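Reader: I am new to this structure. Please take me closely through one part of it, the place where two of its chains meet, and then show me what lies around it.

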Amino acid sequence: MIAWSAPAADRHAEPPSRRRTRWIDGDPTLRDITDDVMRPLTSRPGAAWWAAFAVAASALAIGAASVTYEVTTGIGTWGLNKTVGWAFDITNFVFWVGIGHAGTLISAILLLLRQQWRTAISRSAEAMTIFAVMCAAMFPLIHMGRPWLAFWVLPYPNSRGPLWVNFRSPLLWDVFAINTYLTISLVFWYVGMIPDFATLRDRAQSPLRRFAYSMLSLGWDGSARTWSRYETASTLLAGLATPLVISVHTIVSMDFATSVLPGWHATIFPPYFVAGAVFSGFAMVLTLLIIVRRVMRLERYITLRHLDAMAKIMLLTGSIVGLAYATEFYNAWYGHNVYERAVFLNRVTGPYAWGFWIMVGCNACAPQLLWIRRLRRNVPILFALSIAVNVGMWFERFIIIVTSLHRSFLPSTWTMYRPSMIEVGTLIGSFGLFFTCFLLFVRLLPMIAMWEVKALAGHRDEATR
Amino acid sequence: MVSWQLAAATAALTCAIAAAVLARELSRVGVHQGYAPAQPIAFSHKLHAGDFRVPCLYCHFGARTSRHAGIPPANVCMNCHGLLQKQTTDLELLKELIDQQRPVAWIKVHNLPDFVYFNHSQHVTAHVECQACHGHVERMTRVEQQAPLTMGWCIDCHRQRRTDFTVPAANLDCGKCHY
Amino acid sequence: MRRDVVVGRFHQEPMVIDAVHAVRSCGLRIADVYSPYPIHRLDEAMAIARSRLPLVALAGGVGGLIAALALELYTSVIDWPLNVGGKPDASLLAFIPIAFELTILGAGLATAAGLLIRSRLAPFGAAPVVDRSATDDTFAVVVHCRDSAIDRRLVEQLLLNYGAMSVESRGLPR
Amino acid sequence: MAEPLTFWRERPEADTSRRDFLTRIGFTLAASALAGCSRGPVQQAIPFLNKPEEITPGVASWYATTCGGCSSACALLAKTRDGRPIKIEGNAESRLFGGGTCAAGQATVLSLYDPDRARGPVWRGNATTWEAIDKEIQPRLTAAAERRVVLLSGTITSPSTRALIAEWSSRFPHFSHIVYDAVSFSGLREATRRVFGVAAVPHFRFDEANTIVGLDADFLGTWLSPVEFTRQYAGRRRRALDQDRVRHHHFEAGVSLTGSNADRRILMPPSAHGATALALLRQIAARAGVAIDGLALDATVDNNAIAVAADDLWRDRGHSLVVSGSNEPSVQVIVHAINGVLGNVGTTVDLDAPSLQKQGDDAAVAALVDDMERGDVHALLVYGANPVYDYREASRFVRAMESVALTVSFADRVDETAAHCHAVCPDHHFLEAWGDAEPVAGSFSLAQPTIAPLFDTRAVQDSLLVWLGRAPGFYGYIRETWRRDRFPRQTRYQSFDEFWDHSLHDGVFETRPAPVAPSRSPERLALPTDAWRAAASEIERGSRDAANRSSTEYELHLYETVALGDGRHANNPWLQELPDPVSKITWGNFVAVSAAAAGRLGVESGDVLRVSSGDRVVELPAFVQPGQSSDTVSIARGYGRERAGRVGTGVGANAVRFAAARVVTLAKTGRQQALAATQTHHSVEGRPIVRTLTRDQLRQHDAAVEAPLATLYPPREGGQHHWAMAVDLNACTGCSACVTACQAENNVPVVGADEVRRGREMHWIRVDRYYGGTDAQLTTAVQPMMCQHCENAPCETVCPVLATVHSSDGINQQVYNRCVGTRYCENNCPYKVRRFNWFQYAGNERFDYTLTDPLERMVLNPDVVVRARGVMEKCSLCVQRIQTEKLAARREDRPLADGRIQTACGQSCPADAIVFGDLNDPNSRVAKLRAGRRHYTVLEELGTRPNVGYLMRVVDDEREQTPHTETRL
């Protein structure tokens with residue numbers, strides 16, 4: 001027979017776990033969420049945004065000028081020499097790849113781990129990943145002596161025999177790793193945005209926007225069947241992205257680990273680099289979100305609890321990195337290899353020791369402050385720390401690359417490296433590119449996954465009914 | 001229903017065709033197959049090498065000993081034409097140039113990039129027919145580049161000469177031609 | 001136009017679940033439910049079959065793996081083996097990273113493609129159904145009532161009882 | 001003419017006009033477009049109009065000639081391609097010099113194409129024709145004939161030219177020929193006159209000497225005849241491997257190439273030079289039981305070191321040798337005395353066939369300047385000398401020139417002296433001219449043109465002939481002198497033509513000369529003579545006032561560098577960028593100060609010092625030179641040219657103006673000028689990179705050779721050959737001839753001082769130099785380092801595009817045109833021998849050295865591509881030479897004999913330290929050497945398995961020459 005009346009609430013009592021932390025402040029209705037998230041997209045950008053955009057764009061211009069000059073004149077415009085073949089270029093590459101790791105980590109791994117707090121930040125973290133990987137991919141390209149022939153690293157049939165590529169070269173592994181990572185991240189990001197595009201489409205006022213968003217939304221209608229398939233897909237992609245993200249930085253670390261140079265040739269590199277990547281990635285997410293939540297007035301969704309959670313991860317990964325530093329030195333001492341020892345002694349006491357100590361201070365020591373709960377929830381402190389970690393992680397790569405190269409096996413070849421203005425300009429430019437993209441992102445795309453937050457809110461309704 | 005599938009299909013097809021065309025064009029960059037420039041003196045290989053059966057190495061004697069096959073100096077022409085009565089405008093031009101002590105500025109037909117070291121004598125020593133690379137010059141009134149002269153084309157022959165033991169083995173080391 | 005479905009609009013997830021249960025226990029068929037976010041318990045409520053996307057992903061992955069190994073082995077063992085640092089032509093260890101990457105790539109792309117194709121998602125795709133707010137804050141339950149034996153008013157009443165904000169009888173979407 | 005080597009005979013150079021030459025190389029210009037420049041849309045091929053028999057485009061021909069790079073006059077072979085000389089190699093036929101050359105000799109081929117050469121005769125600053133200038137000069141000469149005409153020349157080793165000059169003396173009663181050497185040996189000549197009664201420079205035989213004591217004589221680098229001496233020295237060391245030991249004690253103030261090779265290097269300030277010689281004589285005499293009075297023990301010298309040296313000398317008496325670089329007759333007298341007492345005269349000091357390589361006469365030059373000032377000289381012809389640049393009183397010389405009615409310079413460019421002359425009659429480059437030479441009495445060599453003159457120049461000898469009123473044609477003149485003087489002294493050939501052709505083909509003709517010195521008895525020499533006593537007291541007087549020197553003053557030690565010598569090569573980019581064998585500094589000279597002095601002055605390397613003596617001042621950067629005598633500063637001469645050309649002008653400062661000064665004062669300027677050094681770290685950090693072996697160890701386990709390291713990979717099957725190289729560290733002196741030879745052979749770019757400072761020099765082979773020990777006992781080790789062609793090359797694995805892979809015959813190949821320039825290979829190379837093209841060096845005005853000017857591009861080797869911007873390059877083991885020899889063997893259907901293939905570095909090495917060959921041939925030299933006890937590979941623990949190996953240096957005492965100890969250097 002048919003039950004004519006609505007059933008009693010207690011039938012829907014939620015399992016207590018759901019109730020433990022509340023990841024949204026206040027209790028916005030679903031529509032409030034839509035409104036809040038769409039506000040930046042509909043309202044006119046404020047002065048703060050324009051100022052930020054101006055700075056980012058001019059940085060990008062500096063970078064463009066530097067790269068143009070370098071590509072047309074020669075790598076000689078950089079400070080490299082016969083002994084130090086890589087410095088700023090690959091340092092920046094590894095730095096940006098590292099940054100690019102938090103995004104996928106947050107959305108993929110935390111999704112698998114059912115960490116609900118990721119919902120508010122995953123979208124912007126993924127965006128950050130994409131932009132960071134773009135910046136990273138730029139450097140292997142422009143560091144080539146003849147970048148216009150870069151396509152030779154691709155195995156395609158050609159009229160030279162055909163002459164293929166060297167699948168034993170870690171640089172080639174990089175090519176595949178970075179491109180795969182970029183592709184999968186883009187797919188993951190886009191698929192995640194389809195339902196939100198639909199929302200935008202249905203809310204859009206101007207026909208142009210409506211058309212654009214309906215193109216992007218691929219005709220999404222929110223049908224239950226689609227949703228169910230959609231969730232399977234997201235889980236699958238997350239499951240794929242997780243090993244991917246780890247493999248990518250493993251491969252990047254192999255650029256060094258598979259070489260013969262003392263200070264590069266180390267089996268510890270893969271885990272060490274992955275931890276470092278996550279570390280720097282979360283630092284960058286923090287830096288960005290602390291600004292964004294303030295500027296975009298999204299404190300309600302990106303709460304102090306979010307910051308606290310990220311701080312904990314920084315504390316963890318930072319400690320792993322610190323341990324890795326220690327291990328390297330232990331091996332150098334224990335291994336009794338004169339070249340190895342010399343390199344590590346040189347790192348601590350040599351001409352680049354200052355960089356080494358910046359690295360240790362920022363990466364290993366500073367994050368230890370995060371043991372204190374009060375600091376984890378103190379926004380200015382967190383911000384300062386996240387900046388420090390970014391700086392420190394850049395120096396980590398610089399120290400690994402330059403101090404191993406400039407004094408390796410034959411003392412007769414020892415030299416010093418000094419960056420040229422062009423290299424500095426290129427570094428600035430990469431930041432310009434990154435922030436320009438990010439600033440455009442926050443204005444053109446929903447920087448919080450509406451449907452995911454709504455799901456949270458919806459469950460919350462249930463829980464509190 | 002149909003609309004988007006159709007659209008997608010057409011889009012895919014267009015891209016595929018475009019890519020194919022592009023690839024084909026790119027693979028021909030720097031390949032001058034069929035290059036047959038007009039020469040200052042309309043010398044006919046068909047006449048000399050074909051009809052009169054003058055051996056290639058009589059004029060291009062360099063090929064025996066040198067990296068360059070060489071363009072015959074005017075005095076080689078005169079070896080015969082000094083005696084022959086037949087006169088043509090081209091021959092007069094040649095004689096005129098000789099009188100003025102001016103060498104003939106021929107146009108090179110078969111050009112290799114500067115980063116390739118090709119040695120004629122090496123191939124002559126290995127009994128490679130001139131025609132293997134230059135085509136049937138003895139049938140050409142105006143010489144034309146018949147082979148693509150791409151690296152792949154060289155390699156094919158070198159590979160084949162590694163398996164065919166009736167001929168001197170060829171080498172596949174990069175450093176054989178690139179240094 | 002024929003009015004062969006009844007649409008009930010809800011504003012809260014739990015009521016939707018109940019309504020769906022109720023409707024189906026009446027022996028009525030749910031055409032579909034449109035919601036701004038996935039409702040997990042709706043799957044069993046509507047008895048939606050488990051997706052076969054994992055198989056697609058597996059296929060894609062295997063394809064990528066095979067393609068990668070084939071490329072690496074063909075180019076560096078069969079087509080043109082070269083002496084690179086004295087290493088063997090088939091340096092399988094060195095081939096692993098790229099093989100792995102292409103596996104992931106294949107699987108990932110296959111998954112995405114599978115999703116889009118199976119759900120008919122594409123540019124110029126069909127416009128949404130019931131109303132625009134279904135992607136915002138409305139849950140729309142669509143009940144099949146093509147059978148003339150069904151009394152639509154009873155169905156509408158049922159939905160209203162289960163907390164629908166509004167109900168309407170209308171033609172099938174699409 | 002079928003005789004290839006004499007193809008010029010039928011066409012004396014005068015007939016060959018420039019255009020003719022262009023026709024001849026016409027084809028090549030197109031071909032060198034292949035070799036050098038990028039590829040144009042339409043390429044023209046311009047054949048010969050009338051092909052000379054001997055030239056086939058693309059085939060190299062070789063001509064024997066004689067080096068004009070300095071007065072050593074080494075016998076050479078010049079390699080010409082399509083009519084252009086492109087490479088210099090030693091003439092292995094030569095008994096004196098063998099196949100080796102020095103760096104400067106290698107570079108002379110580039111100076112042929114120097115765009116700054118005079119393009120034609122110049123009269124009073126205006127270009128003119130030879131006819132016109134002859135009309136100007138000849139009457140003036142005849143006018144001056146009744147008065148004084150002087151030919152001021154550098155040492156002339158050409159007997160025919162000397163004969164011609166003799167004709168002048170007969171034609172002009174008041175003509176005199178005065179020989180002026182910038183670096184003079186007249187002290188030695190004078191001493192020989194005093195002791196032996198003949199003014200000559202003995203011919204030294206280091207190959208006969210078991211113990212050598214050098215007093216500030218850089219005989220391996222710059223002194224008298226370095227190529228010959230290096231050959232003798234290395235040969236002696238090689239023989240000593242399985243014989244008794246050889247000892248070399250070297251006393252010097254600055255660190256010279258020779259000093260850095262010595263077993264024992266002892267500090268000796270210039271002021272103690274005489275005293276040291278005297279003390280040595282005293283010790284030797286004591287051992288010989290020769291009673292000498294009046295030689296007091298001098299406290300200012302290192303008597304212990306001298307005693308050790310004396311012991312060795314005495315042990316090897318009769319087969320030892322003492323040489324001194326001093327230009328003081330008194331000192332050289334003492335040195336003669338020492339050699340006399342030791343009985344070395346006749347064995348290691350050969351006076352029967354003396355050296356004719358230095359004939360300068362300082363007294364005569366000084367007198368000449370006085371005469372000129374007095375206006376007694378009416379015509380001055382300057383040939384092969386540049387007194388305005390390098391005469392100790394240059395300004396005075398210039399003033400003196402003003403009072404000469406006619407001054408003519410034969411310089412190849414308008415140099416400092418020519419600029420002050422009325423007429424400049426540019427001489428040919430020696431590669432364009434006929435000539436002959438007699439560097440050592442009885443050893444003759446010929447020089448023949450290898451290219452028609454590039455410019456409107458004329459051989460000096462032709463000018464002299466013309467002005468004598470004779471027809472030009474020095475070629476004929478040489479033939480006549482040879483018919484007259486050389487032909488009778490041989491019996492092998494009946495007809496002169498036969499004799500001439502063979503001499504020209506071989507390039508050398510050797511015969512024992514009639515003794516030039518009067519009969520003298522070594523016995524008499526073994527006793528004190530008046531000459532001794534006079535010299536001794538002279539020295540004692542001298543060293544007494546040498547002692548008083550204020551504390552702010554430093555003794556000055558001027559020296560020649562291996563690269564620039566006396567400065568005549570200053571405009572040669574290859575030599576300017578050649579790292580000094582000791583300091584490793586390029587592009588300019590510096591003030592070498594000891595660490596102690598640097599501390600006192602508060603300066604570091606790179607601080608600019610003001611060096612002054614009286615009113616003469618130069619400013620130069622300081623260089624803290626390990627092993628520098630504490631109170632002495634060393635400055636290289638040959639720099640600071642004012643009219644060398646666009647490359648050499650203004651590089652460094654001219655230190656010759658201090659030649660008169662004994663001491664200088666130093667002051668900080670506060671300015672900085674980074675030194676363009678190619679090596680900035682000097683300690684080997686205790687790493688087993690340059691290995692040594694004591695003679696005992698060598699004897700004990702001669703058989704024992706370590707087994708090769710295990711490898712995880714299955715061995716790859718190799719090809720027909722397995723090329724390998726062995727570098728003998730026991731023979732290598734570090735002279736760096738190989739560096740320039742490689743640069744010439746492989747079109748290696750010159751990048752300039754700034755790029756060198758940035759650590760971007762492009763040399764494919766470098767000579768690493770490590771210091772050890774202390775300033776007082778400096779130990780030095782050198783190691784030529786080029787691509788090691790590893791079997792398991794780290795560079796190959798990491799290249800993404802297969803631009804560097806291994807060849808079937810063991811060569812690590814670099815494919816420039818495949819390279820995309822990731823520099824990963826460079827990073828992963830443990831030896832850091834790869835070189836990256838940081839800029840576009842060819843055809844780039846910013847790098848206008850050797851690859852830009854069309855004239856200079858003619859020196860390019862058409863068989864080696866010029867690398868483009870952004871690609872990696874490195875040593876290819878001269879694969880082009882391997883190809884050529886393999887092809888030749890195949891064409892002639894003969895096996896490829898061991899030793900036929902020589903890499904450029906190995907060929908040029910005067911010490912024969914670099915051996916190349918095929919390991920698949922167990923009897924090849926290299927295979928044998930690699931099997932020997934001394935062989936090792938650098939960093940073998942990395943498992944790179946290099947095909948280039950090294951042979952350990954053999955020492956008598958582990959403490960000597962092994963800079964393995966941590967040092968502060």
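Author: Contact here means heavy atoms within 4.5 Å. Keep that in mind throughout. The model is a predicted one.

Start with the meeting of chain C and chain A. The contact takes 75 residues from chain C and 68 residues from chain A. Together the two chains bury about 6,300 Å². Carbon and sulfur atoms hold 67% of that area. Three residues stand out on the side of chain C: C:Glu101, C:Thr135 and C:Asp136. They supply 10% of the area that chain C buries against chain A, more than any other three residues.

In one salt bridge, the side chain of C:Asp136 meets that of A:Arg31, at 2.9 Å from N to O.

Which elements of chain C give two or more residues to the side that touches chain A? They are α1 (13-25), β2 (29-34), α2 (42-46), α3 (53-79), α4 (92-118) and α5 (152-161) of chain C. The largest share comes from α4(C), with 17 residues. By class, this side of chain C has 44 nonpolar, 15 polar and 16 charged residues.

The largest nonpolar core has 329 residues. A:Trp96, A:Phe282 and C:Leu42 touch the most other members. Helix α6 of chain A, residues 170-203, gives the most to this core: 18 residues. Look closely at A:Trp96. Neighbours within four places in sequence aside, A:Trp96 is in contact with A:Ala132, A:Cys135, A:Ala136, A:Phe139, A:Met284, A:Ser430, A:Phe431 and A:Phe434. A second, separate core has 45 residues, including D:Val149, D:Trp434, D:Leu465 and D:Phe474.

Stay in chain A for helix α12, residues 353-365. Its buried residues are A:Ala353, A:Gly355, A:Phe356, A:Met359, A:Val360, A:Cys362, A:Asn363 and A:Ala364. They pack against four helices of chain A: α9 (269-295), α10 (304-335), α11 (338-349) and α14 (379-406).

Last, a stop in chain D. D:Gln813 sits in strand β34, residues 812-814. Is D:Gln813 buried or exposed? It counts as buried, because its relative accessibility is 7%, and buried means under 20%. Beyond its neighbours within four places in sequence, D:Gln813 is in contact with residues of chain B, B:Asp173, B:Cys174, B:Gly175 and B:Lys176. In chain D, its contacts are D:Ala803, D:Thr804, D:Val805, D:His806 and D:Ser807.

Definitions and conventions:
Residues are numbered from 1 along each chain as its sequence is written. Chains are lettered from A and ligands numbered from 1 in the order in which they are written. This is a predicted model: local features need pLDDT of at least 70, side-chain atom pairs count only at pLDDT 80 or more; totals for chains, interfaces and linings use all residues. Side-chain values use heavy atoms; hydrogens and water are left out. Buried means under 20% relative accessible area, exposed over 50%, partly exposed in between (1.4 Å probe, protein chains only). Buried area is the accessible area (1.4 Å probe) that two parts lose on being put together, summed over both. A salt bridge is a side-chain nitrogen of Lys or Arg within 4 Å of a carboxyl oxygen of Asp or Glu. Ala, Val, Leu, Ile, Met, Phe, Trp, Tyr, Cys and Pro count as nonpolar, Asp, Glu, Lys and Arg as charged, and the others, Gly among them, as polar. A nonpolar core is a set of buried Ala, Val, Leu, Ile, Met, Phe, Trp, Tyr and Cys residues joined through side-chain atoms within 4.5 Å.
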